[in-house]
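Me: I would like to learn how to read the features of a model one at a time, with the general idea before the particular case. Could we start once the structure is in view?

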Amino acid sequence: MSKILLVEDDKSIIKNLTEFLSAEGFQVRCASGQTEALRQLAEETADLVLLDISLAEGNGFSACSAIKSEYKIPVIFLTASGDEFSTVAAFDLGADDYIPKPFRPRELVSRIKNILRLTGGGDTLSKIGDVTVNTVKGTASKNGQELYLSALEYRLLLVFLNNRGAVLSRGALLESIWDIAGEFVNDNTLTVYIKRLREKIEDEPQNPTIIKTVRGIGYKID
């Protein structure tokens with residue numbers, strides 16, 4: 001699972017982006033400023049840094065310079081400063097990409113995956129039984145055969161992967177797979193997608209061994 005460090009001080013952006021990227025299969029940690037970001041990287045490295053220019057402490061330019069001097073980690077600027085000077089300055093400091101706000105979430109994920117492919121970053125493979133998920137390529141396979149999952153089926157599978165061993169209520173699942181691009185997801189839709197996902201990944205969908213029902217509570221995978 002690819003690890004992302006989000007360096008941002010806007011709490012609403014932190015919340016929304018963390019939820020979205022987690023649902024897309026990334027492990028997300030957050031820091032509000034340069035010192036905190038460098039401390040976290042010293043304790044545990046990341047596969048990619050998402051970095052704003054305006055921070056609670058320090059700024060994105062100095063943070064990028066410090067990160068690039070110490071680590072071989074790709075950096076994507078994600079900022080409201082879309083002027084030419086800021087863009088050129090970021091790339092001159094070694095940034096791997098520059099995305100002005102407001103941004104389109106799915107384009108961001110695509111760019112993250114592209115940078116990780118180019119840099120070879122991230123632990124891209126996760127396994128559940130006979131099912132293998134490549135979180136950078138965005139694919140899933142069973143016994144070597146590709147599974148053709150819809151966007152919501154794949155996202156639902158990632159939510160389970162990110163919460164192995166935990167019992168997820170239907171409410172928690174609905175919140176996790178809610179498509180911020182606007183696709184409507186309700187309780188009936190969730191039932192349908194769990195059924196479809198089981199049909200694709202389980203040997204016996206009527207007797208599931210991967211996505212288990214915890215009666216009266218929700219679902220879990222081990």
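Reply: Helices (H or I, at least four residues) and strands (E, at least two) are DSSP runs, numbered from the N terminus. This is a predicted model, in which local features need pLDDT of at least 70 and side-chain atom pairs count only at pLDDT 80 or more, while totals for chains, interfaces and linings use all residues. Residues are numbered from 1 along each chain as its sequence is written, and side-chain values use heavy atoms, with hydrogens and water left out.

Me: How should I read strand pairing, and how many bridges join β1 to β2?

Reply: Two strands pair if DSSP finds at least two bridges between them. Strand β1 (residues 3–7) and strand β2 (residues 27–31) run parallel and are joined by five bridges, with L6 standing opposite C30 in β2. Strand β4 (residues 75–79) also pairs in the parallel sense with strand β5 (residues 97–100), over four bridges, and here L78 stands opposite I99 in β5.

Me: What handedness does the crossover from β4 through helix α4 to β5 have?

Reply: A crossover is right-handed if, with the strands pointing away from the viewer, the path from the first strand over the helix to the second runs clockwise. The chain's path from β4 through helix α4 (residues 84–92) to β5 is a right-handed β-α-β crossover, and β1, α1 and β2 likewise make a right-handed β-α-β unit.

Me: In what order do the four strands of the antiparallel open sheet lie?

Reply: Their order is β6-β7-β8-β9, with antiparallel pairing in an open sheet. Its edge strands, each pairing on one side only, are β6 (125–128) and β9 (145–147). Neighbouring strands of this sheet are turned by 30° against each other on average, direction ignored. Within the sheet, β6 and strand β7 (residues 131–134) pair in the antiparallel sense over four bridges, and V131 in β7 is the bridge partner of I128.

Me: Which strands form the open sheet of three?

Reply: That antiparallel sheet has the order β10-β12-β11, and the edge strands, each pairing on one side only, are β10 (168–169) and β11 (212–214). Two bridges hold the antiparallel pairing of β10 with strand β12 (residues 218–220), where L168 stands opposite Y219 in β12.

Me: Turning to helix packing, at what angle do α1 and α5 pack?

Reply: Axes are lines fitted to C-alpha atoms, for helices over the stretch in contact (heavy atoms within 4.5 Å), and angles run from 0 to 180 degrees between N-to-C directions. Helix α1 (residues 11–23) and helix α5 (residues 105–119) pack at about 60°, their axes 11 Å apart. That angle makes α1 oblique to α5, given that angles under 35 degrees count as roughly parallel, over 145 as roughly antiparallel, 65 to 115 as roughly perpendicular and the rest as oblique. The residues that meet are L17, F20 and L21 in α1 and P105, R106, L108, V109 and I112 in α5.

Me: How do α7 and α8 compare, and which residues make their contact?

Reply: Helix α7 (residues 170–177) and helix α8 (residues 187–201) pack at about 90°, with axes 10 Å apart, and are therefore roughly perpendicular to each other. R170, L173, L174 and I177 of α7 and D187, L190, T191 and I194 of α8 make the contact.

Me: Finally, where does helix α6 lie?

Reply: Helix α6 (residues 151–162) lies across β6, β7 and β8 (139–142), running at about 100° to β7. With α7, α6 packs at about 120°, the axes being 10 Å apart, which makes α6 oblique to α7. Here L152, R155, L156, V159 and F160 in α6 meet L173, S176 and I177 in α7.
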